[in-house]
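Me: I'd like to go through some helix packing and pockets with you, with the cut-offs spelled out. Here's what I'm looking at.

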Amino acid sequence: MTVKWLMHFQPNQGTTLTSQVMAEACAVAESFPGVSRDGRWRSAMTFYRAVPRDQSLPAPSDLPRDLIGISLHDLPNEYLFVMRSQRLILRAHSSVQTVMDKLQSYKGRFFINFEGLQYKWGDFKLRIGKCLYNPNEALRGIVMEVEYLPLSSMDKSQRVMEEFYEIWREAVASKLLAGQFINTEVNFVEYGLGDSYTPQHTAVLYGMCVVQVIASSNKNQ
Amino acid sequence: MECVVQGIIETLHVEALEILLVGLCGAPKQRVRVHELCLKSGPNLVSSEVRLLCDLAKTTPSWTIRHVGGAMRGAGADQLSVLVRPIAESKASSTALRFFYGIGYKLDHEVLKTGFAFQFQNRGANLTVSVTSTNRMPRLHATDDAVPITPGIHLVEITAPAAPENYTEVASAIASFCEYLSPLLHLSKPGISTGIVPTAAEAAASLMSSGGGIKIL
């Protein structure tokens, strides 16, 4: 799997995120010479909560409160779980969701979709999308996933990704948007992940990014 | 959903059973070495049980998460000679055990199943016949030091995936195949023991001397 970076739009303090930011970000992407639109994309995230045996009581504190499940747009037959507190990832066939339903020990409590437009620009794929609560589709953030197609090594792709990031930040800044795109930084070694990029890396990126998106959204409301 | 029957056979007759199965199935024998871990939810969680299966027969171990539901009940189910039950399975990464520990599950027991299996079709159903010894481990996860729980006895199991619209046909396919094995062993619903078949020794001797000679399905 080729390397991806994941960024989210951090609005300036006191400003409210609107769909206009998504439109402006797409306009920036479409202004790149030689870029072509490449369809739509959608990933879905579920936040799980433990179901206590005695449901009159709150969930015990020794059970994880940060279990998330992710269905990635480019892996429709797979499902990944991330527990940030334990730096743990499980990668499984999508039928694992059926197993979790049968166990009934954890249930999805709220859901977030990441969806938007995809672009091809030289060796890059850009996916710009909204981060939406499901089902009321309240906008919580704007994200951009950048994929560098020639490389699977994160070390080897670091420089070219940084150069793209700078190009992107400058292009966005020229649009005078009330905020900026922030890259999601993760210490993958803590999760037992190596230099060769995998879907587990993507799952961890989304797990970290969504925390920052929600925090940012709560702060500016 | 799956259909399943089980039976036991004395270990000394396993080789004869293998000869019979080679002739009947027309499929290659597969080695079985599965580390099965049964996990139960901790006292704080809704009660549930899940099994993790680690296939050690391959060069790279692979993991499966498996949930087995309760047996189908009712007049229709009672009339079947096979057990029908819902199952849910998923291939998973090697972090599966740590994952379930992390979400509050505890190891209840673990076994190592060793033996062989055949996968083939009978009357349109995909059957798996496995002949295994169930072994316990003297120390946690010590699969290399596993010893048989019932020395001298092997478990024979036939399973087949099924769906609500075809489980009776699948059950019939299993039942018809069981008849070929009846000189050596009787198979029935799990939990209903039929013991060792009296004709097993004679049938095994016949198979060993003839080297099979059974018409392939």
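Me: At what angle do helix 1 and helix 3 of chain A pack, and how far apart are their axes?

Reply: Helix 1 (residues 19–31) and helix 3 (residues 154–173) of chain A pack at about 120 degrees, with axes 10 Å apart. This is a predicted model, where local features need pLDDT of at least 70, side-chain atom pairs count only at pLDDT 80 or more, and totals for chains, interfaces and linings use all residues. Residues are numbered from 1 along each chain as its sequence is written, chains are lettered from A and ligands numbered from 1 in the order in which they are written, and side-chain values use heavy atoms, with hydrogens and water left out.

Me: What makes helix 1 of chain A oblique to helix 3 of chain A?

Reply: The angle of about 120 degrees does. Angles under 35 degrees count as roughly parallel, over 145 as roughly antiparallel, 65 to 115 as roughly perpendicular and the rest as oblique, so helix 1 of chain A is oblique to helix 3 of chain A. Axes here are lines fitted to C-alpha atoms, for helices over the stretch in contact, and angles run from 0 to 180 degrees between N-to-C directions. The helices themselves are DSSP runs (H or I, at least four residues; strands are E, at least two), numbered from the N terminus.

Me: Which residues make that contact, and what are they by class?

Reply: A:Ala25, A:Val28 and A:Ala29 of helix 1 touch A:Trp168, A:Ala171 and A:Val172 of helix 3 in chain A (contact means heavy atoms within 4.5 Å). That's six nonpolar, no polar and no charged residues; Ala, Val, Leu, Ile, Met, Phe, Trp, Tyr, Cys and Pro count as nonpolar, Asp, Glu, Lys and Arg as charged, and the others, Gly among them, as polar.

Me: On to chain B. Why is helix 1 called oblique to helix 4 there?

Reply: The axes of helix 1 (residues 14–25) and helix 4 (residues 167–181) of chain B come within 11 Å and cross at roughly 135 degrees. That angle makes helix 1 of chain B oblique to helix 4 of chain B. B:Leu17, B:Leu20, B:Leu21, B:Leu24 and B:Cys25 meet B:Phe177, B:Tyr180 and B:Leu181, giving eight nonpolar, no polar and no charged residues.

Me: What makes helix 1 and helix 5 of chain B oblique to each other?

Reply: They pack at about 60 degrees, with axes 9 Å apart, and are therefore oblique to each other. B:Glu15, B:Ala16, B:Ile19 and B:Leu20 in helix 1 of chain B meet B:Ala204, B:Leu207 and B:Met208 in helix 5 of chain B. By class, six are nonpolar, none polar and one charged.

Me: And the largest pocket: what is its volume, and which residues are closest to its centre?

Reply: The volume is about 1400 Å³. Of the 40 lining residues, B:Leu53, B:Arg66, B:Glu89, B:Glu157 and B:Thr159 are the closest to the centre. On a 1 Å grid over the protein atoms alone, a cavity is a set of points where a 1.4 Å probe fits but cannot get out, and a pocket is an open set with protein on both sides within 12 Å along at least five of seven lines; lining residues have an atom within 4 Å of a point. Grid points are joined across faces, edges and corners, and a volume is the space filled by probe spheres set on the points. The lining has 15 nonpolar, 12 polar and 13 charged residues.
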